[in-house]
Amino acid sequence: MATARGFSISFARSCRYACVALMASYISNAPAAARSTGAKPAAIVIPAGSLRTALDALARQTGISIGMAGTLPATQTRRIDASDVAQALKRLLSGTHLRAIRVDATTWRIEPEPRHAARSLAADTHATPPPATEGADIIVTASKRDERLSDLPVSITIVGTHALDRLAGKRGLVDLLATTDGAFSTNLGPGRDRVFLRGVADSAFNGTSQSLVSLYIDDARIGYSSPDPDLRMVDIDRIEILRGPQGTLYGTGALGGVIRIVTTVPDLDRVSATVAGEATGINNGAVGGAFDGTVNVPIVAGRLALRASIWTETMPGWIDDTGRGKPDVNRTARPGVRAALRWAIGNGWTATASGIGQWIDARDSQYATKGLSRTTAIAEPQDNDFVSGTLDIHGPVGSLDVQSTTTIVSHVFGSTYDASSMAAALGTIAPVAYVEDRSIELVTQEIRLSDPTARHPWIVGASVLDATTRLNGRFKSNGATVIARDDREAVFEAAVFAEGTQRLSPALDFKLGLRGFVTVNDIEQQGPNEQNATKLGVTPSATLSWHRDDAGLLWLRYASAIRPAGVTRAIATTEQRIPGDELQSLEFGWRIRGLDDRLSLSGAIFGSFWEHLRSDVVGSDGLFGTVDAGNATNYGVEFGGRFDAGRATIDFGTTIQRARLTAPAKGQVDVNDRRLPVVPDYSARLGLTRRFSLIDLPASGYVSARYIGQTRLSFDPALDRPAGDYATIGVGATLDDGRRHWSVDIDNLLDGRGNSFGFGNPFTLATTTQTVPIRPRAITLRLAIGL
């Protein structure tokens, strides 16, 4: 075991040093190669094939970026000879219910035609629209520059509007992750969940450690050491989920991957609006509902536009507190607003100022001790308030593309627990409440430069991050307050990064990336000492990829990421600095197509090597602390696919992995059970969608199933609980009636009672059996209307 571990770490370090040397050599030669561009063709000739490959060929020939606002039909096109881009796009999209909108001199956006136009065409032909291929976006920005999905050698899932339209009653990020492979989360409740990708999981507890998945809205980083803010998915274009370490382009914390929520861009030319309403009922629970609306208004046609969304939601409860005689105590409110003001400055330059605010208020926790009920002396309310603002400036300088993104985030969340078990230790009487408030102030600035027309694509950039986290915890009883935690952590990070691609042959590319960074941590905890640490480092990546437009993409990728140092609390007054995490990964991946684009297969075989796995734990005093759990590895395979058979579509996927500690830290974890928490060894999903016409209107019905294998809650054997090992089934239907989109969804059709990944009260976790049941059977009806 020691020999294998030593070899794997030595191999990973050798890869890192080799990448640094190669990247230094590449950067020194990149500018000259990057500016070597060939002459553009005088005419556009697109060979016959699928719409996907035709648009790919158009982007290659003209150097334009083609973004997809929706999903791409799996239709065939004839040979197209055109004199300009507009003419070519019009002919390619003829009869698809899609249209092309010019964004600027080099960017086009493809979006669905207005619903009334689509309805007229369907009525004339008495046919349903062509089948849509989920995730068939042509251009994605996960690599921080416009890049064709078919050229992007990384494990990525694109969740588009086709999936979003079906999320009646479940419109949070965690709900979307359930439709993908290699993604898992806890189930503590709205605004309290932790998200994990590709088996990189440290703990189910919401301690102070930096998140393992970096969360973005468009190009703005919105998370650091906080749970998922659980933003409601309203007016979203797509979700980009990158699995595996992404430290080269995204910096510290992206050990498991990156999730990017891409919003709909304000339309400079067209007024539009939508409203939607939902009603939800839960078996053995309450009734709830939601309303959301979006409006797009050009203020100055072609130059300035405002797009804004507003929502309010009441999520019904289903947990009863028998001790206080309260039913459905985990009822939750989630109102919010988002707005973006876009200005086309001129000469290809745009500026977008955007902001979002959401306020979650849960009146109690959602754990149980027996069935769907529990007994507590006091209520345990939770709240999560999220506000962010972003300024994005983007435009050309000669042949180069320049982008600057500035973001400010304020994230405040609090929890209250029944801590009556601590009454004797505190010298008071029950009931006792423990109230914990945490806040994160995050400021980020990034500027990057790329050449979208270069024969050897490249990107360089620099970023600065400043994050301040504060935690105040106190016991309250009989009018008295006892301070238990008063911690502060300030982190400053500065980095420069670069990534370039060298074409080795018409089908073979070599991509090399490197990020150099410095992090400075200043950590103050309750007690006399202050800890600080400074770290200089690099996170390289290297990818060899093979690509053919008619077949697909294969790649071999090495990548890395880190988390800064932290502080452990062995007991309430002891402080000790622990080293930062370092994770390195090697994967062989593929995205291939066949049968005239009706069949798509994707997946990866991967291995990860994790040093100094930092894990949040619950101490004997019921308070959260952090320990160095040791070193770990994860080996596994992800495999998924989609098959379009006329009007029916089959969607499937599975993840098989083995995430284990290889060198557990003595005295901190259970050496007999080395599984990492939250992530199961096995999971699978299967979906079937059938499209049809109902009274000459396009409709669909679907059924989906998901299995989550057995997993554990914690490394601590005294607190560990089994979870997982359950399956859920959902069914639903949609109907498009002109401007109206109806949908109905039945979640957890068989009303299962699986124990999901989570816990409830840290003060009674060691003495009571706590579970977090999956939501009982729920029925939601949603109506969206385009105005």
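Asp 202 is buried, as is Arg 563, where buried means under 20% relative accessible area, exposed over 50% and partly exposed in between (1.4 Å probe, protein chains only). The model is predicted, so local features need pLDDT of at least 70 and side-chain atom pairs count only at pLDDT 80 or more, while totals for chains, interfaces and linings use all residues. Residues are numbered from 1 along each chain as its sequence is written, and side-chain values use heavy atoms, with hydrogens and water left out.

**Salt bridges**

- A salt bridge is a side-chain nitrogen of Lys or Arg within 4 Å of a carboxyl oxygen of Asp or Glu, and by this rule the count comes to 41.
- Strands (E, at least two residues) and helices (H or I, at least four) are DSSP runs, numbered from the N terminus.
- Glu 587 forms a salt bridge with Arg 198, and their closest N and O atoms are 2.3 Å apart.
- Because Glu 587 belongs to strand E38 (residues 582-594) and Arg 198 to the loop between strand E14 (195-197) and strand E15 (213-217), the pair ties together parts that are 389 residues apart in sequence.
- Glu 587 counts as buried, at 2% relative accessibility, and Arg 198 also counts as buried, at 1%.
- Asp 364 and Arg 324 form a salt bridge through their side chains (2.6 Å, N to O).
- Asp 364 is buried, with a relative accessible area of 4%, whereas Arg 324, at 23% relative accessibility, counts as partly exposed.
- A network of salt bridges links Asp 219, Asp 237, Arg 238, Glu 240, Arg 260, Glu 446 and Arg 448.

**Nonpolar cores**

- A nonpolar core is a set of buried Ala, Val, Leu, Ile, Met, Phe, Trp, Tyr and Cys residues joined through side-chain atoms within 4.5 Å.
- The largest nonpolar core has 33 residues, of which Trp 610, Leu 613, Leu 661 and Leu 676 touch the most other members.
- Two or more residues of this core come from each of strand E39 (599-618), strand E40 (624-645), strand E41 (648-664) and strand E44 (722-737).
- A second, separate core of 31 residues includes Leu 177, Val 195, Ile 259 and Ala 467.
- Leu 661 has contacts (heavy atoms within 4.5 Å) that include Leu 613, Ala 629, Val 669 and Phe 715, leaving aside its neighbours within four places in sequence.

**An open sheet**

- Five strands form an open sheet in the order E12-E17-E18-E15-E16, with mixed pairing; two strands pair if DSSP finds at least two bridges between them.
- Strand E12 (156-159) and strand E16 (220-221) are the edge strands, and each pairs on one side only.
- E15 and E16 pair in the antiparallel sense over two bridges, and Ile 217 stands opposite Ala 220 in E16.

**Surroundings of Asn 384**

- Asn 384 lies in strand E27 (residues 382-397) and counts as buried, at 2% relative accessibility.
- The side chain of Asn 384 reaches the backbone oxygen of Gly 191 at 2.6 Å.
- The side chain of Asn 384 also makes a polar contact with the side chain of His 411 (2.7 Å). A polar contact is a pair of N or O atoms within 3.5 Å; within protein, one must be able to donate a hydrogen and the other to accept it, and residues adjacent in sequence count only if both atoms are side-chain atoms.
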